[in-house]
Amino acid sequence: MKRWSSIRHKLEEDYLAEALRGRIQYFATSYSYSPDHEGRAAIRLDGKEILSGNYWNQWYKTHLYPHDEKYEDRMKYDMPFMDDVAMDLGLFDQRCFYEAFEEFDNQSIEKSLASENLLIKIFALLDRRVGKRRLEKMKAEMETEPSVIQMFYMIRVAAEGIG
């Protein structure tokens, strides 16, 4: 697995759209004094965290998961599904960032934009390989996307000056 510093460099320098450079920062840390060195992760816009999660939320907020078709799998596996529920509740940590990046870094931008893992989809929305024309074409489909994806889409569209 790559070190966080190299992952962050790739996300903020190699992949991030030019219009967002210096405005979007990715953050992940492990706490050396916590059991198993667990930690937290976040995405910041202009220094303010707009999406964040930590390992302990996975334990303290599990009762908030809806009892839907994904519930049993969510309770069985270490990594929560990176869907709208996990995002809204902050039920992800630095390991989720690492795994999402690994998948994102090793697949096409089209596959990343279609991913069910919302972290991967966020990385893709902020990616320089998604141009203005593609963003404009995506406008109609954004109405059916989870609110967190809509938020990152709006951030990108505003940064690109697309009306």
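The entries run from the overall layout to single residues.

**Ground rules.** I am working from a predicted model, in which local features need pLDDT of at least 70 and side-chain atom pairs count only at pLDDT 80 or more, while totals for chains, interfaces and linings use all residues. I number residues from 1 along each chain as its sequence is written, and side-chain values use heavy atoms, with hydrogens and water left out.

**Layout.** I looked up the secondary structure and found nine helices and three strands. Helices (H or I, at least four residues) and strands (E, at least two) are DSSP runs, numbered from the N terminus. Along the sequence I read the order as α-β-β-β-α-α-α-α-α-α-α-α.

**Surface and contacts.** Of the 163 residues, 49% are buried; that means under 20% relative accessible area, with exposed being over 50% and partly exposed in between (1.4 Å probe, protein chains only). I noted an accessible surface of about 8900 Å², 49% of it from carbon and sulfur atoms; the areas come from the Shrake-Rupley method with a 1.4 Å probe, and for residues only the protein chains shown count as cover. Among contacts (heavy atoms within 4.5 Å) with a separation of 6 or more, 51% join residues 24 or more positions apart.

**Ser 112.** I found Ser 112 in helix H6 (residues 109-113). Ser 112 is buried, at 0% relative accessible area. Leaving out residues up to four places away in sequence, Ser 112 touches Phe 104, Gln 107, Ile 120, Lys 121 and Ala 124.

**Salt bridges.** How many salt bridges does a search of the whole structure find? I got ten, where a salt bridge is a side-chain nitrogen of Lys or Arg within 4 Å of a carboxyl oxygen of Asp or Glu. Side chains of opposite charge can pair when their charged atoms come close.

- Glu 12 and Arg 8 pair at 3.0 Å, N to O. Both sit in helix H1 (residues 4-15), four residues apart, or about one turn of the helix. Glu 12 is buried at 13% relative accessibility, whereas Arg 8 is partly exposed at 31%.
- Arg 21 and Glu 18 pair at 3.1 Å, N to O. Arg 21 is partly exposed at 29%, and Glu 18 is exposed at 60%.
- Arg 156 and Glu 160 pair with their closest N and O atoms 2.9 Å apart. Because they are four residues apart in helix H9 (residues 147-160), about one helical turn separates them. I noted both Arg 156 and Glu 160 as buried.
- Arg 40, Arg 44 and Glu 49 form a network of salt bridges.
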